[in-house]
Amino acid sequence: AREALVLFMPSGKRGRFAVGTPILDAARTLGVYVESVCGGRGICGRCQVEVQEGRFAKHGITSSNDHISEFGAKEQRYAEKRDLKQGRRLSCSATILGDLVVDVPQDVQVNAQVVRKEVDTRVIERNPAIRMCYVEVEEPDMHKPLGDLDRLKAALEKEWGFHNIDVDTYLLADVQKILRKGEWGVTAAIHHDEETSRPTMIGLWPGLKNEAYGIACDIGSTTIAMHLSSLLSVRTIASAGTSNPQIRFGEDLMSRVSYVMMNPDGREGMTTAVRGAINELIDRVCAEGGVAREDILDAVFVGNPIMHHLFLGIDPTELGGAPFALAVSGAVHLKSSDIGLPMNPGTRVYMLPCIAGHVGADAAAATLAEGPHRQEEMMLLVDVGTNAEIVLGNRHRTVAASSPTGPAFEGAEISGGQRAAPGAIERVRIDPVTLEPRFRVIGTEQWSDEPGFDDAVAASGITGICGSAIIEVVAEMYLSGIISEDGVIDGNLAAKSPRVMATGRTFSYLLHEGMPTITITQTDVRAIQLAKAALYAGVKLLMDKLGIDHVDQIRFAGAFGSFIDPKYAMVLGLIPDCDLDKVQAVGNAAGTGARMALLNRNYRREIEDTVTRIEKIETALEPKFQEHFVYAMAMPNKVDPFPKLSK
Ligand code: FES
């Protein structure tokens, strides 16, 4: 038989196939994931591909219809009933007639699902753990007394290749009704997370069920963020966030662990609180996306170890002290009904593995999203909260640790500090000659010395200073000579500028006079020094471990990183020397990693494997930590050079 070369984009996978082969079959053979719910009957429309021409024109293929068949009957029918965009073909129906380049589009939309906002433009190649599989089941026959369920399983095996299918118990009571209602045509949801494990039928619907959704959720100690995605296309349909209600039990992680230790119902109270907030978020994303809650079939959760344990209902006491033992470090598979999150009775839950007792599934997810383990360049990935989670490495070796930065970076424990919110000062500059400050406030465009500033802040007022500005103000104080390398506010300047004022035995810098008066005290500068020294010392330990003296790239994950200016982070020595244009804020990388694991089971295997290979370092136990810490108290550092900074 004549053969033709088929190249699939964007994966670049290619192979030779007999002329006449359906494109979908070619994709399957090459391991290119093309969705299909109806099993090639030309009714679901999920298997759309775009045939690009020209690439193989020199082989004599020039017209768009030469290398694929004209619309077959099935395609014709689909195109008439539903709208098949120009250039799109149903890959189950279009067959190969010559060499071709096929694009597997990322935006196959079948149902008129409203997409409110694009969360992330990153293209996630799909291969979800849950597949929707339509089959036609043989009708019962008195002479062949094989059960309805057994014939359904046989059909799923024959058409979809699932061997040895397990069935969720709750379905047994319904299977006969559903088969008859669908007149022997039904759609099964098959959960097949690992190639080597048994596939499980987790849902069953009469007729064609051409919808299935999943949620990806990052449980932060401060905020919880959730995305709702279609499992049959890559679209993120809705997103929502809320603050973690556990805050009322304790601001930071350790205070929540203490709460559990001190209160007999503490663990339960916090588990109930976080699940309650997640249930509300599910309602919100469903309402926003116009999706029924029971159509959510898969859910991925990430969080730091303490959030992870409390969400699962595990007492986190062991994580409160050395050796910081996790109850479970590997990936966790559950049903959503096990943890009080009613969706579909068959909905599955997957939690990414934790890296160590202080470095959680959120850091694993951020690692998956940013991919230090996939590249040659040495990447430092930091997620700064009250605890900084640090991952450093490349495709040869990766190490991880956490460092107790404390809440200073979040504006807590700083005299005028507050969380980022309208009214908070977010940017600060200090004139090196006059020592006069100018600043900007969240929610306004103007700097404080620009016309219109007073009107712009009239609504919110000036309420305090948030984490990013604290970094900037201390760095600017250092750059303008108000504080020494060792972080001491220079009292001699009090004679020169009214901004420098004596407060007891130390001095302060007056940033804003009025309601409220905001000063940066010596204690504030110290708090920032301690936090930044802890972060830097943690990073340094990891660099020692890898025997490197510089990093190629730095990624800041999380909200903190989105607001700070990398230059100031480096002026203060939060992070090691690096090309400034290689320092990037990546936003909620943990959420992105969770979405990747939701949409493609291969990412689950990738991160599970990577986590086992990440070397964990316990900063508290490393004798060098103290030494690095002391050097890192200076700005930017007592011993380490910052050549990139002087440029
Ligand atoms: Fe359903 Fe092609 S697989 S239309």
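This is a short tour of a predicted model, stop by stop. Residues are numbered from 1 along each chain as its sequence is written. Because the model is predicted, local features need pLDDT of at least 70 and side-chain atom pairs count only at pLDDT 80 or more, while totals for chains, interfaces and linings use all residues.

**The whole protein**

Start with everything shown. The C-alpha atoms fill a box of roughly 100 × 65 × 55 Å, taken along the principal axes.

Colour by secondary structure next. The protein has 17 helices and 27 strands. Helices (H or I, at least four residues) and strands (E, at least two) are DSSP runs, numbered from the N terminus.

Of the 647 residues, 48% count as buried. A residue is buried if 20 or more other C-beta atoms lie within 10 Å of its own, exposed if 12 or fewer, and partly exposed in between, with C-beta atoms placed from the backbone.

**The nonpolar core**

Select Cys217, Ala364, Ala365, Val474 and Ala597. These residues have the most contacts inside the largest nonpolar core, which has 188 residues. Helix H11 (residues 522-546) gives the largest share of this core, 13 residues. A nonpolar core is a set of buried Ala, Val, Leu, Ile, Met, Phe, Trp, Tyr and Cys residues joined through C-beta atoms within 7 Å.

Now keep Ala364. Leaving aside neighbours within four places in sequence, Ala364 is in contact with Leu352, Pro353, Cys354, Ile355, Ile607 and Val611. Two residues are in contact if their C-beta atoms, placed from the backbone, lie within 7 Å.

**Helices H8 and H15**

Select residues 361-370 (helix H8) and 601-613 (helix H15): their axes come within 10 Å and cross at roughly 115°. That makes H8 roughly perpendicular to H15, a term for angles of 65 to 115 degrees. Axes are lines fitted to C-alpha atoms, for helices over the stretch in contact, and angles run from 0 to 180 degrees between N-to-C directions.

Ala364, Thr367 and Leu368 in H8 meet Tyr603, Glu606, Ile607, Thr610 and Val611 in H15.

**Two cis peptide bonds**

Go to Met9 and Pro10, which are joined by a cis peptide bond with omega about 5°. Pro10 sits in the loop between strand E1 (3-9) and strand E2 (14-18).

Then select Ala322 and Pro323, where the peptide bond is also cis, with omega near 0°. Pro323 is in the loop between helix H7 (305-312) and strand E14 (332-335).

**Positive phi**

Phe324 is found in that loop between H7 and E14. Phe324 is not a glycine, yet has a positive phi of about 55°. Phe324 counts as partly exposed, because it has 17 C-beta neighbours inside 10 Å.

Asn164, in the loop between helix H3 (148-160) and strand E7 (166-167), is not a glycine either and has a positive phi of about 60°. With 9 C-beta neighbours inside 10 Å, Asn164 counts as exposed.

**Last stop: Arg275**

Arg275 lies in helix H6 (residues 266-289) and is partly exposed, with 18 other C-beta atoms within 10 Å. Not counting residues up to four places away in sequence, Arg275 touches Ile339, Gly340 and Leu341. To finish, draw a distance from Arg275 to Gly207: their C-alpha atoms are separated by 34 Å.

Key
Angles under 35 degrees count as roughly parallel, over 145 as roughly antiparallel, 65 to 115 as roughly perpendicular and the rest as oblique.
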